[in-house]
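Let us walk through this structure one region at a time. Keep the sequence numbering at hand.

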Amino acid sequence: LEILVAILNVNDNSPVFKQTNFTEVVPEDTKVNATIVTRDDVSATDADLDTIYYELASPAPVTAGYFAIKGVNNPEIYLQKPLDYEKFKRATLVLYARDRPVGSTDPTNTATATINILIEQADTKPPWFLPCTFINVDNSICISSPYTGRVNMSEVSMEPLILEPGPIYAIDPDYMINEKIVYSIVGGNTDEVFSVDADTGNLTMNKAATSPDSYLLQVMATQVNNIQKYSLASVEIKVINKSHYPPDFESRIYNGTVFDGQAPGSFVFQAGDPSRPLVITAVDDDFPDV
């Protein structure tokens, strides 16, 4: 008697990942739709030779929607949205591998793998002149105020000019990279009166200003490694006549009279002459005709 025995495969094995905890470093400027974790790195095997169905979850709300898999049977992970190092610096993903489709009523075995995505800051922003004010919620754009200063007519300052709200200074906002920045004057420097130190940003004078007109300089801060990463700042330098003498009050003592019950803003009158408002005057020998 010949007896044929057929061995039926029972679904008694769970899928197995090669690595259950996997870390991948992803540059911030990675293009959308680019693969960031290959299929070989995150595929699972099943001793029962079942078809494996994958699902990717991103537990943290801030990273939701940035990463996805290529298909239910293809666990290759790709980027769906542009990354921003300022929003998050790492993401933890959970990849599920099942030997039955999601929603199946058949007994299902499941395996999980944790995928750690570390965002590597990229050189994406131009320099920022400081101080500056953020104009958006995620602090990715910072606008600086114009710099102002003044020089004396027909005089050459031997020291760097004092500016408001501070000296010319720019930073690389990609602070983990912190590329070197150099400075140059690219506009408004009539007769080459001024120069800027390429390394420090200090503004100095090459010659005296002979015109009372103000100078509106355009100073550029450029990254050494990439001249396309630059920013411009305006610097207004006012030319004034030098003051040789301090103002001087015409009298050392002024006496006035006020009346009880007067409303705010009422005149103070000269003592002894309630018909004449009290006037305090000063003169300046720099302006003898005024």
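Is Arg 252 buried or exposed? Arg 252 is exposed, at 70% relative accessibility. The model is a predicted one, and every value here is computed from it.

Start with the partner of this arginine. The side chains of Arg 252 and Asp 248 meet in a salt bridge, 3.3 Å from N to O. Asp 248 counts as partly exposed, because its relative accessibility is 36%.

How many salt bridges does the structure hold? There are seven. Another one of them pairs Asp 273 with Arg 276, with the closest N and O atoms 4.0 Å apart. Asp 273 is partly exposed at 23% relative accessible area. Arg 276 is partly exposed as well, at 46%.

Now turn to a pair in another setting. Lys 125 forms a salt bridge with Asp 174, and the closest N and O atoms are 4.0 Å apart. Lys 125 sits in the loop between strand 9 (110-120) and strand 10 (128-129), and Asp 174 in the loop between strand 14 (170-171) and strand 15 (181-187), so the bridge ties together parts that are 49 residues apart in sequence. Lys 125 has 7% relative accessibility, so it counts as buried. Asp 174 is buried too, because its relative accessibility is 0%.

Next comes the segment before strand 1. Strand 1 covers residues 16-17, and Val 5 lies in the segment ahead of it. Val 5 counts as exposed, because its relative accessibility is 67%. Val 5 also belongs to a nonpolar patch on the surface, formed with Leu 1, Ile 3 and Ile 7. Together these four residues have about 590 Å² of accessible area.

Asp 12 lies in this segment before strand 1 as well. Asp 12 is exposed, with a relative accessible area of 55%.

Finish with the open space. Rolling a probe the size of a water molecule over the atoms shows where empty space is left. The largest pocket holds about 170 Å³. Strand 13, residues 147-152, gives the most to its lining, with three residues. The lining includes Arg 150, Val 151 and Asn 152. Glu 155, Pro 160 and Met 205 are also among the lining residues. By class, the lining has six nonpolar, two polar and two charged residues.

Methods. Residues are numbered from 1 along each chain as its sequence is written. This is a predicted model: local features need pLDDT of at least 70, side-chain atom pairs count only at pLDDT 80 or more; totals for chains, interfaces and linings use all residues. Side-chain values use heavy atoms; hydrogens and water are left out. Patches are made of residues with over 30% relative accessible area and no salt bridge: like charges are joined within 9 Å, nonpolar side chains (Val, Leu, Ile, Met, Phe, Trp, Tyr) within 5 Å. Accessible areas come from the Shrake-Rupley method with a 1.4 Å probe; for residues, only the protein chains shown count as cover. Helices (H or I, at least four residues) and strands (E, at least two) are DSSP runs, numbered from the N terminus. Buried means under 20% relative accessible area, exposed over 50%, partly exposed in between (1.4 Å probe, protein chains only). On a 1 Å grid over the protein atoms alone, a cavity is a set of points where a 1.4 Å probe fits but cannot get out, and a pocket is an open set with protein on both sides within 12 Å along at least five of seven lines; lining residues have an atom within 4 Å of a point. Grid points are joined across faces, edges and corners, and a volume is the space filled by probe spheres set on the points. Ala, Val, Leu, Ile, Met, Phe, Trp, Tyr, Cys and Pro count as nonpolar, Asp, Glu, Lys and Arg as charged, and the others, Gly among them, as polar.
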